[in-house]
Amino acid sequence: MAGTISTEQTELPAYQAVRRQRIIDAGKELLRAQDYDSIQIRDVASAANVALGTLYRYFNSKEHLYANVVYDWALPFAQSKVDTDTGLSTTKAIALRLRNALSSFEKHPYFYKAILQLRSSTAPDVAPVMARLGEALEAPIRAEMSVLDDAEAADITVMVWAVLLDVVSRVFLQDKTMEEAYGVLDRFVALIQHRLEQAEA
């Protein structure tokens, strides 16, 4: 199933952009079924029905390719709306976002493992893609804390995603169960609620 065109190299001619997206979609399908470390870049080329040399015209390395794969996969989650018109408070909206993210991890663990690995990359063609993904994921949370000044809202947003990624790591390492991970997120959101109530007082 075709996804959205990734933000990188959007100036490509239409036929090249479609081919590039086909490579990204093939990478997604492989990552749904197996661990990032076990995927060979030639497997992606084969699944996308392109020559290996063609794939390398668009992506310099497996890391570069999969940074774009996880970006393309995660962006719709970042852009999804949490309906605050039904009486959801700010913290309930944040809690819902985090629970949705953790539920998504439960369904698609290989994507999260790849994100955790790629976030630590310093490669010049990988780090900017992961930074853009971080910005896209953080923006909705930051916007939901408009009662705080911009700097504090940004700092708390960083903490929110740091806690989420930490509990995901702990689940991977079997240091936490999923139930315990949900509990950690709920308690952290309660701390945020306390700070928001202070700011509104």
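The chat below goes from the whole chain to single residues.

Q: What kind of model is this, and how many helices and strands are in the chain?
A: The model is predicted. The chain has nine helices and zero strands.

Q: How does its radius of gyration compare with that of a compact globule?
A: They agree: a compact globule of 201 residues would have a radius of gyration near 17 Å, and the chain has 18 Å. Along its principal axes, the C-alpha trace spans about 60 × 40 × 30 Å.

Q: How much of the chain is buried?
A: Of the 201 residues, 44% count as buried. The chain exposes about 10,700 Å², and carbon and sulfur atoms supply 52% of that area.

Q: New topic. What does UniProt list for residues 17-77?
A: The UniProt record, an unreviewed entry, lists "domain: HTH tetR-type" there. In this model the span is 79% helix and 0% strand, and its end C-alpha atoms lie 22 Å apart.

Q: Where is A47, and what does it touch?
A: A47 lies in helix α2, residues 41-48. Leaving out residues up to four places away in sequence, A47 touches A26 and L30.

Q: Now α7. What span should the helix have, and what does it have?
A: Helix α7 covers residues 127-144, which is 18 residues, so at 1.5 Å a residue it should span 26 Å. Its end C-alpha atoms are 26 Å apart, which agrees.

Q: Where is the kink in α7?
A: At E138, shortly before the proline P140, and the kink is about 30 degrees.

Q: Which residues of α7 are buried, and what do they pack against?
A: The buried ones are V129, M130, L133, A136, P140, I141 and E144. They pack against α4, α5, α6 and α8.

Q: Why would residues three or four places apart in a helix point the same way?
A: An α-helix has 3.6 residues a turn, so residues at that spacing point the same way.

Q: What about Q174?
A: Q174 has a positive phi of about 60 degrees and is not a glycine. Q174 sits in the loop between α8 and α9 and counts as exposed at 73% relative accessibility. For background, most residues other than glycine have a negative phi.

Definitions and conventions: Residues are numbered from 1 along each chain as its sequence is written. This is a predicted model: local features need pLDDT of at least 70, side-chain atom pairs count only at pLDDT 80 or more; totals for chains, interfaces and linings use all residues. Side-chain values use heavy atoms; hydrogens and water are left out. UniProt positions are given in the numbering used here, feature names are shortened, and annotations may be inferred rather than shown by experiment. Helices (H or I, at least four residues) and strands (E, at least two) are DSSP runs, numbered from the N terminus. Contact means heavy atoms within 4.5 Å. The expected span of a helix is 1.5 Å times one less than its number of residues. The bend at a residue is the angle between axes fitted to the seven residues ending there and the seven starting there. Buried means under 20% relative accessible area, exposed over 50%, partly exposed in between (1.4 Å probe, protein chains only). The radius of gyration is taken over C-alpha atoms; the globule rule is 2.2 Å times the number of residues to the power 0.38. Accessible areas come from the Shrake-Rupley method with a 1.4 Å probe; for residues, only the protein chains shown count as cover.
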